Structure formats: structure tokens, C-alpha cells
Amino acid sequence: MKIHFFFLSAGAAPIFPFLSTILKQRGYSSIIVGLIFTILSFIGLLVRPVIGAITDKYKCRRAAFILSIAIMSVFISILMFIPGSDEQTEINDTDVIKSPLFWLFLSTITIFKISAVVAIVMEDTICVQLLDKDKTKYGNQRMWGAIGWGTMSIVSGVCVDWFSKGLEYKNYTPGFIISLICSFLDMYVVSTIKNVQTTEIKTGPSNVQKVLTKIRVLSFLFWVVIYGMLLSFLWYFQFLYMEDISNIYHPETKPYIKTIQGLSLTIQCFGGEVPFFFLSNFILKRVGHMNVFSLMFFAFAVRFYLYSIITNPVCVLPVELLNGITYALAYSAVISYAAELAPVGAEGTLQGIVGMAMEGIGVPIGSFIGGYLFNRFGSISSFNIFSYIALAVCVIQTISNQLITRFSKNDILKEEVSN
């Protein structure tokens, strides 16, 4: 699983974080970019719970796992050969929608996204099952994904800048090639995983429904939705913001902006994610899942505020250390808490529901709002607005968590619904 996490994240690093800038280079406006990410995110609304339920029932997690990575490899290959428009000016939104090239590109990345969602649901479900009773150790496994992401993001960023010397646009072909190689290697690794689904299903849909009626669980899912909103703003619009401040304040950084962006991901991973994934087991056992959420929302508020006052893209780099809290620690809390709540035999179903809340509901809402704010107020003001939103959420979540802890019955949800 550690090797898989490494290769899957290493293969995603040259594509997903750079997708917004690839779209912008094609001449698409912030509205179109936000719309595309909204569509991609809504895919997870259906795919995550459906694939979790299907693989729980038919015990085909391993087959779905291998097939999803194989499909990703195929569509990475297709992406490399879709011609780019390389527009120097923004294309009218209506003309974009009418373009067959736009629909070809959107269809390709949509299928790529679907296969990636399936792979993520399977990897999380399989990983926490293999961990058995030590589910809070999920972060120690997932840490290797951060290492893969951090390594290949800087490598791909440097390669794109190197192969784009003398060009008026960025040549992303090296990134696609790196991604394809990692996907092929990952396919082999996943094919060697054995006995990942041996537990007989002992609970039916009614027991999952019982879990979903608990105030603790409903509260957890609500905050996961908000978490997805904040993540989407970071995932899909940070690089556009970095290019904006480069163009406005420091145009001398434009020739190597992809290197700076790649380095920002490397710092996110090695300076933030790796240590916090490693420490997540220790922190979660002592602090608690919902208290980690409070810390995460506060870290988002600080991070977004710092973005709103920075004028040099290089100065963004130290801020990326906060990714250890806003992603690694928080994501470990999400996955391990969902695993603790899941009835026996329905682990994939509940992981799918939690993933749906985050990436199927939260992320598309955040993508849509982010696209609107960027188009209406610009990148700097948008991050300032989101910083206050994150701070308000932090206060509300902290108070509600204390009230739930004080007034709700402190039951063991998983054991209750399984009996």
C-alpha cells in the first residue's frame, strides 16, 4: 500500500494541480474553469457511494482498483495528444462552449477523474481494512502518497519550464509522460495486493442508515462538506493566484513560475504532509477527530489571509507548511473516523458516503463559488474573503462540537448499529 500511495500521487502531481493553469492557457475564463471543476467534482457525488456499495456487495475491490488505474493510464495518453489552443487572450465563454475541442478535453478529463475517484475510494477502503484495529495509523501509510506527490510535482514543474524555454506558452508534455510512467508502475503494484476483501457482509443498508441518523455522524458529514469547499478553493485556484501576483507584482518570475509552483507542492508535502501524516496517529488519539477539525479550520483562515497579503509568489512557499494541518492531519481524521463508524462489511459504503460529502458536495460548491469570486473580485480579494469564512466556520464548529459532546449520549456508534 505504501508503494501504491507513492506511485498514484506521483502520477497525479503533474496533472491535477496544474489543470487550472492548463485551462487558462487554453484561453478559458475563471467562470469556465470553475464550471469545469464543478462538473468534475459532481462526478464524485454519484461515483463514490455507488462504487463503494457495489464493491462491498460483490467483493470486487481488487478488480475495480486495478481497472481504475488502467483507465487512468489510457486517458493520460489521450490527454497528451489533444491539441492545445495556446490562446494569448481569453476566449469568449460562448465560443468555448461551442468548441468541439473543449468538449473533447472535458470528456477526457471527466473519465480520468471518474477512474481516479474509484481508485481513491478503493485505496482508502483497502488500506483501513488491512490496518484492522489500528485505523488511526492510516496517516503513516498515506504519508507515502505525500512523498510521491512532493517529489514529482517539483520534477514535473522544472521539466515543464525547461521544455518551454523560448516558447510563449508552457509545454506540459513532460508532465503527462511522468504521469503515464507512474501509472504503469502503479498498475503493477496494485495487481500484487492480495486478500483485500475477506470479511463477510454482516450488516445491511439499514445499519448504515442507523449510523447516518446519529447527530455526531451528521455533524461530522456537514463539516466534511465545508472542508471540501475550502480544499477546492486551494486545489483549483492557488496556482491561478500565484500567476496573478507574478504578472502584477513580479513579472521577472514568469519564466520559472512552474518551478515555483512545483516547489510549493514539494514544500506542502515534505514540510507539511509527511510529518503530520506520520504524527497523525499520535495526535488523533490524544486530541480527538473533531478537535482536529477545529484546528484545521483555523489553519485555513490563517493560510488564506497570508495569501491575501503576499505580493511575491516566492513568499508563498513558507505558507505551504500549513498544508500539514489543512490536509494531512485533517484528511487522516476524516478517513480514520469514517472507518471507526462503519458497520462491519460496509466499510466501502461509508467511505464512499464520506468521500461524496467532501468531493461530491463540498468541492463542487467551492469550485463554483471560487470561480465566481475570482471572476468578480480577483484572486487576492477572493482569498481574503475565504479567510474570514474559514475563521467563522472555525468558531461555529468549535462551539457546536462542545455542545454535542456535552448533551448527546456518548455511545459507541459502530458497536450499537452492529448489534
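The largest cavity holds about 660 Å³ of space. A cavity is a set of points on a 1 Å grid over the protein atoms alone where a 1.4 Å probe fits but cannot get out, and its lining residues have an atom within 4 Å of a point. Grid points are joined across faces, edges and corners, and a volume is the space filled by probe spheres set on the points.

**Largest cavity**
- Its lining comprises 28 residues, of which Phe16, Arg142, Trp149, Trp235 and Tyr327 lie nearest the centre.
- Two or more lining residues come from each of helix 1 (2-12), helix 6 (100-131), helix 7 (138-163), helix 10 (215-248), helix 11 (257-287), helix 14 (323-341) and helix 15 (347-377); helices are DSSP runs (H or I, at least four residues) numbered from the N terminus.
- The lining divides into 17 nonpolar, four polar and seven charged residues.

**Second largest cavity**
- The second largest cavity has a volume of about 60 Å³.
- Helix 15 gives the most to this lining, with four residues.
- Among the residues lining the second largest cavity are Arg48, Asp124 and Tyr331.

**Classes and conventions**
- Ala, Val, Leu, Ile, Met, Phe, Trp, Tyr, Cys and Pro count as nonpolar, Asp, Glu, Lys and Arg as charged, and the others, Gly among them, as polar.
- Residues are numbered from 1 along each chain as its sequence is written, and side-chain values use heavy atoms, without hydrogens and water.
- In this predicted model, local features need pLDDT of at least 70 and side-chain atom pairs count only at pLDDT 80 or more, whereas totals for chains, interfaces and linings use all residues.

Methods. On a 1 Å grid over the protein atoms alone, a cavity is a set of points where a 1.4 Å probe fits but cannot get out, and a pocket is an open set with protein on both sides within 12 Å along at least five of seven lines; lining residues have an atom within 4 Å of a point.
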